[in-house]
Amino acid sequence: MRKVILDQEYLKKEYEDGKSTIVLSKELNVSRHIITANLREAGVKLKSRGEYTEPIVIGQRFNKLVVIEDIKTKQDKRTRYLVQCDCGRKAKTYGTSLKKGQVACWHCRNETMHKVKWTGPRR
Ligand SMILES: [Zn+2]
């Protein structure tokens, strides 16, 4: 496996300040296992499955989405949440999706993608 050395002091500080390995990996544009490997080398005790099990709080914001309600049912193995997007639409989503970086409702994400992809004339 290719070994990538990152600024471990920086990682340690950011991680202990509460940034998750997911956030750090996105920021530094490297995979998560590289972040965790570097944190371990820096002598950081990793939070056990921390970022996945940390509770999501009602009212917590993930980019455009605000968590309104916990809607886990007996059939759901993972916790689902009712969220409201800045555009006013409500959506149901999983906590892990939010933590992994879901930023907006389905409609807004689509719009953003169209804006990025579509450069030709409209029919
Ligand atoms: Zn939206």
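Visitor: Two residues are in contact if their C-beta atoms, placed from the backbone, lie within 7 Å. On that basis, which residues of H1 meet H3?

Guide: On the H1 side they are Gln8, Leu11, Lys12 and Tyr15. Their counterparts in H3 are Ile35, Asn38, Leu39 and Glu41. Here helices (H or I, at least four residues) and strands (E, at least two) are DSSP runs, numbered from the N terminus.

Visitor: What kind of model is this, and how are the residues numbered?

Guide: This is a predicted model, in which local features need pLDDT of at least 70 and side-chain atom pairs count only at pLDDT 80 or more, while totals for chains, interfaces and linings use all residues. Residues are numbered from 1 along each chain as its sequence is written.

Visitor: Back to the helices. What is the angle between H1 and H3?

Guide: Helix H1, residues 8-16, packs on H3 at about 100 degrees, and the two axes are 9 Å apart. Axes are lines fitted to C-alpha atoms, for helices over the stretch in contact, and angles run from 0 to 180 degrees between N-to-C directions.

Visitor: What label does that give the H1 and H3 pair?

Guide: H1 and H3 are therefore roughly perpendicular to each other. Angles under 35 degrees count as roughly parallel, over 145 as roughly antiparallel, 65 to 115 as roughly perpendicular and the rest as oblique.

Visitor: And H2 with H3, what are the angle and the axis distance?

Guide: Helix H2 covers residues 21-28 and helix H3 covers residues 32-41. They pack at an angle of about 110 degrees, with axes 8 Å apart. H2 and H3 therefore also get the label roughly perpendicular.

Visitor: Which residues make that contact between H2 and H3?

Guide: From H2, Thr21, Ile22, Leu24 and Ser25 take part. From H3, the residues are Arg32, Ile35 and Thr36. Ile35 is also listed in the contact of H1 with H3.

Visitor: Tell me about Arg32. Which residues does Arg32 touch, leaving out those up to four places away in sequence?

Guide: Thr21, Ile22 and Ser25. Arg32 itself lies in helix H3.

Visitor: Is Arg32 exposed, partly exposed or buried, and why?

Guide: Arg32 counts as partly exposed because it has 15 C-beta neighbours inside 10 Å. A residue is buried if 20 or more other C-beta atoms lie within 10 Å of its own, exposed if 12 or fewer, and partly exposed in between; C-beta atoms are placed from the backbone.

Visitor: What about Lys45, buried or exposed?

Guide: Lys45 counts as exposed because it has 8 C-beta neighbours inside 10 Å. Lys45 sits in the loop between H3 and helix H4, residues 50-53. Its C-alpha atom is 9.7 Å from that of Lys12, which is 33 residues away along the chain.

Visitor: How much of the chain is buried?

Guide: Buried residues are 11% of the 123 residues in the chain. Of the contacts between residues at least 6 apart in sequence, 34% join residues at least 24 apart.

Visitor: Switching to the overall layout, how many helices and strands are there?

Guide: The chain has six helices and four strands. In sequence order the pattern is α-α-α-α-β-β-β-β-α-α.

Visitor: What order do the strands take in the sheet?

Guide: The order is S1-S2-S3-S4, in an open sheet of four strands with antiparallel pairing. S1 (61-62) and S4 are the edge strands, each pairing on one side only. Two strands pair if DSSP finds at least two bridges between them.

Visitor: How many bridges join S1 to S2?

Guide: Two bridges join S1 to strand S2, residues 65-70. Arg61 has Val66 as its bridge partner, and Phe62 has Leu65. The hairpin of S1 and S2 has two residues between the strands, and Asn63 takes a positive phi near 55 degrees.

Visitor: And S2 to S3, how many bridges there?

Guide: Five bridges, with the strands antiparallel. Asp70 stands opposite Tyr81 in S3.

Visitor: Last pair. What joins S3 to S4?

Guide: Strand S3 (residues 80-85) and strand S4 (residues 90-94) run antiparallel and are joined by five bridges. Gln84 has Lys90 in S4 as its bridge partner. S3 and S4 form a hairpin with four residues between them, and Gly88 in the turn has a positive phi of about 105 degrees.
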